[in-house]
Amino acid sequence: MYSREYGGEELQFEASGGLMNSSLVMQDKQTDSYWAIMRGESVGGAYLGTKLVELPTGSKVSWQDWRQQHPDTLVLSIQGQQYTRDVYTDYWAREDGFGGQLADDPRLDTKTPIYAFEADGGRYAVTHDRIKGGAAFALSSGRALFLFRQPDAALFASTAAFSGDGFVNDDGVWRHVTGESFDPQRMEFDGEITRLGGFDTFWYTWSLSNPETKLLE
């Protein structure tokens, strides 16, 4: 999720109808600038080169889980149309990407599921398998990260990602360096732990737009 405030004005974004490396490109109605979501910046128009400001507040969950938490939710539809099946079944099953596209970077297979993000001026990615059950990382800048996915999480589910002074696993209980334990399945914390934005996507969609990506091991 991105902010709509740029250059002192509130922009209205919509799908441009175009893709960049199989990823969405948005267009704003005020200036007709184009914004590539995987690159996180404007790639054409009056705001060329302007960085998108990420708001780490959204999450992807199943409709069943969402309804349990928010039973009064209203559903947006076009002329009452609702999808009762997964229209991407064939796409999930293929080894290649959208339109047959493949990753240029051989470090991972084209459709390896990853969590990818930007931090401290660098771009990073880690495979979903690496962070099942939780994992702590330290970036070269000194920033400490904690990334968590349920072992049985659906492909589309959001990774819980946080930044803090440091994280340790104490006999299966994750703790902040202050000694305070926490539940990594929560998506928000108070105090010394802050939420990190990012993408859960496939390797090819991220790496084609961000070839300078560093893989977390």
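Which residues is I114 in contact with, leaving aside its neighbours within four places in sequence? They are L108, A125, V126, T127, H128, F199, D200, T201, F202, W203 and W206, where contact means heavy atoms within 4.5 Å. This is a predicted model: local features need pLDDT of at least 70, side-chain atom pairs count only at pLDDT 80 or more, and totals for chains, interfaces and linings use all residues. Residues are numbered from 1 along each chain as its sequence is written, and side-chain values use heavy atoms, with hydrogens and water left out.

**Nonpolar cores**

- A nonpolar core is a set of buried Ala, Val, Leu, Ile, Met, Phe, Trp, Tyr and Cys residues joined through side-chain atoms within 4.5 Å.
- Buried means under 20% relative accessible area, exposed over 50%, and partly exposed in between (1.4 Å probe, protein chains only).
- The largest core holds 22 residues. Those with the most contacts inside it are Y2, Y6, W35, I114, A125, W203 and W206.
- β7 (113-119), β15 (199-202) and α3 (203-207) each give two or more residues to this core. Helices (H or I, at least four residues) and strands (E, at least two) are DSSP runs, numbered from the N terminus.
- The largest share, three residues, comes from α3.
- Apart from this core lies another of 14 residues, among them I131, A135, A161 and L196.

**Salt bridges**

- The whole structure has 11 salt bridges, each a side-chain nitrogen of Lys or Arg within 4 Å of a carboxyl oxygen of Asp or Glu.
- R123 pairs with E118 at 3.7 Å, N to O. R123 is buried at 7% relative accessible area, whereas E118 is partly exposed at 36%.
- R39, E41, K51, E118, R123 and E212 are linked in a network of salt bridges.
- D120 meets R143 at 2.8 Å, N to O. This pair links distant parts of the chain, 23 residues apart: D120 sits in the loop between β7 and β8 (122-127), and R143 in the loop between β9 (135-138) and β10 (144-148).
- D120 is partly exposed at 44% relative accessibility, and R143 is partly exposed at 26%.
- D129 pairs with K132 at 3.3 Å, N to O. D129 is exposed at 60%; K132 is partly exposed at 40%.

**Surface patch**

- V61, W63, W66 and V75 make a nonpolar surface patch of about 370 Å². Patch residues have over 30% relative accessible area and no salt bridge; like charges are joined within 9 Å, nonpolar side chains (Val, Leu, Ile, Met, Phe, Trp, Tyr) within 5 Å.
- Accessible areas come from the Shrake-Rupley method with a 1.4 Å probe; for residues, only the protein chains shown count as cover.
- V75 lies in the loop between α1 (63-69) and α2 (89-93). V75 counts as exposed because its relative accessibility is 52%.
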